[in-house]
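Here are my notes on the model, point by point. Please read them with the structure open.

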Amino acid sequence: MENDLQNLEAEIGSALAAVADTPALEAVRIKYFAKSGLITSLMEKVGQAPKEQRPVLGKQVNEFKGRVNAAFEEKKSALESKAEAAGVDETLPGRPVPAGSLHPIYAARDRAIAIFRRLGFSLAEGPDVETEHYNFDALNTPADHPARNEGDTFYLADQSLRLAADGDRDRRGRLLLRTQTSPVQIRVLEKATPPVRIIAPGRCYRRDEIDATHGIAFHQMEGLVVAEGVSLAEMKGTMELFFRELLGHDLKFRFRPHFFPFTEPSFEVDASRPGNLVKGKEWLEICGCGMVHPKVLQNAGIDPEKYTGFAFGFGIERIAMMLHHVNDLRLFTEGDARFLRQLSPAV
């Protein structure tokens, strides 16, 4: 019994010497000093010893307990003094660290990308700073088009910048913040040989009046399909399948004839879902689309007699509005964590 006490005291001394913080000290207390600890188990052996040995063993156990309890309290006091000197109370519960989550706009973007990947589209990207050539000229936008006015487009004041991939900048016009992700389509067509089937998500910039459905910086996703025998029916079917997969099979559509310089014929797509009103209106414009204009194909070095295609583009903020029944896109960028947490709970 005396050897057991000596061994246990040495073990407790080593354990206390290795303690560096309050949680480690608590682990030692539970292992040795708690009701179910090793000290209690050793004391039970005293009651099992012969009657004539119990007084001696009891004295040895009491002396042992006094020494190890004193060592424990000394270690506890040392840790408390250290914590007070550092201004830290280790006994306080830890501060919760909130988990982050994906912003609703980027969550909507990723959902859209996943659907298009299942439809065989690949991902493409381009620079936010573009030239007039890629943003307008190559897309068959005439020089007098309103979108080219400085009142509609952000032109860069410092025209000394260079786009390394653009070669002769002077031939390609002034630099600007892209108003759409359509320039990515031209960049892809210049390098790829049809068939081409890509989507191009990214941020765009326009001098729009800021309201419930417009902003000066927004996210857009454009798509392009160019191959032999591509038809208007394929475009319509692709659009309806995608938006119903994304927003729900109860979605209603209407295709309105429109004008875009880079497509012919062109359409604007409106969508309606029961109970989803934006600014009191049932229909929300969600997409522009059309068959790729032959001049766009020619500008990219593609034979329009052999290949046809369709293109489309939509604002991701408007998709997020319909997904979450939000009637003002400005709510997404105001930075109110209470609002965002409702739409993108932490994962």
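1. Disulfides. The structure holds 0 disulfides, a disulfide being a pair of cysteine sulfur atoms within 2.5 Å. Cys-204 is in none; its nearest cysteine sulfur belongs to Cys-287, 14 Å away.

2. Basis. This is a predicted model: local features need pLDDT of at least 70 and side-chain atom pairs count only at pLDDT 80 or more, while totals for chains, interfaces and linings use all residues. Residues are numbered from 1 along each chain as its sequence is written, and side-chain values use heavy atoms, with hydrogens and water left out.

3. Cysteine burial. Cys-204 counts as buried because its relative accessibility is 0%. Cys-287 is buried as well, at 2%. The classes are buried under 20% relative accessible area, exposed over 50% and partly exposed in between (1.4 Å probe, protein chains only).

4. Main core. The largest nonpolar core has 43 residues. Such a core is a set of buried Ala, Val, Leu, Ile, Met, Phe, Trp, Tyr and Cys residues joined through side-chain atoms within 4.5 Å. Phe-243, Ile-286, Cys-287, Phe-312, Phe-314 and Phe-332 have the most contacts inside it. Elements supplying at least two residues each include helix 5 (104-118), helix 9 (232-247) and helix 12 (337-343). Helices (H or I, at least four residues) and strands (E, at least two) are DSSP runs, numbered from the N terminus.

5. Phe-312. Leaving out residues up to four places away in sequence, Phe-312 touches Phe-116, Ile-199, Met-221 and Cys-287, among others. Contact means heavy atoms within 4.5 Å.

6. What volume does the largest pocket have? About 1,100 Å³. A pocket is an open set of points on a 1 Å grid over the protein atoms alone, where a 1.4 Å probe fits, with protein on both sides within 12 Å along at least five of seven lines; lining residues have an atom within 4 Å of a point. The volume is the space filled by probe spheres set on the points, which are joined across faces, edges and corners.

7. Lining. The largest pocket is lined by 43 residues, with Gln-180, Arg-206, Gln-220, Phe-260 and Glu-285 nearest its centre. Strand 8 (284-292) gives the most, with 6 residues.
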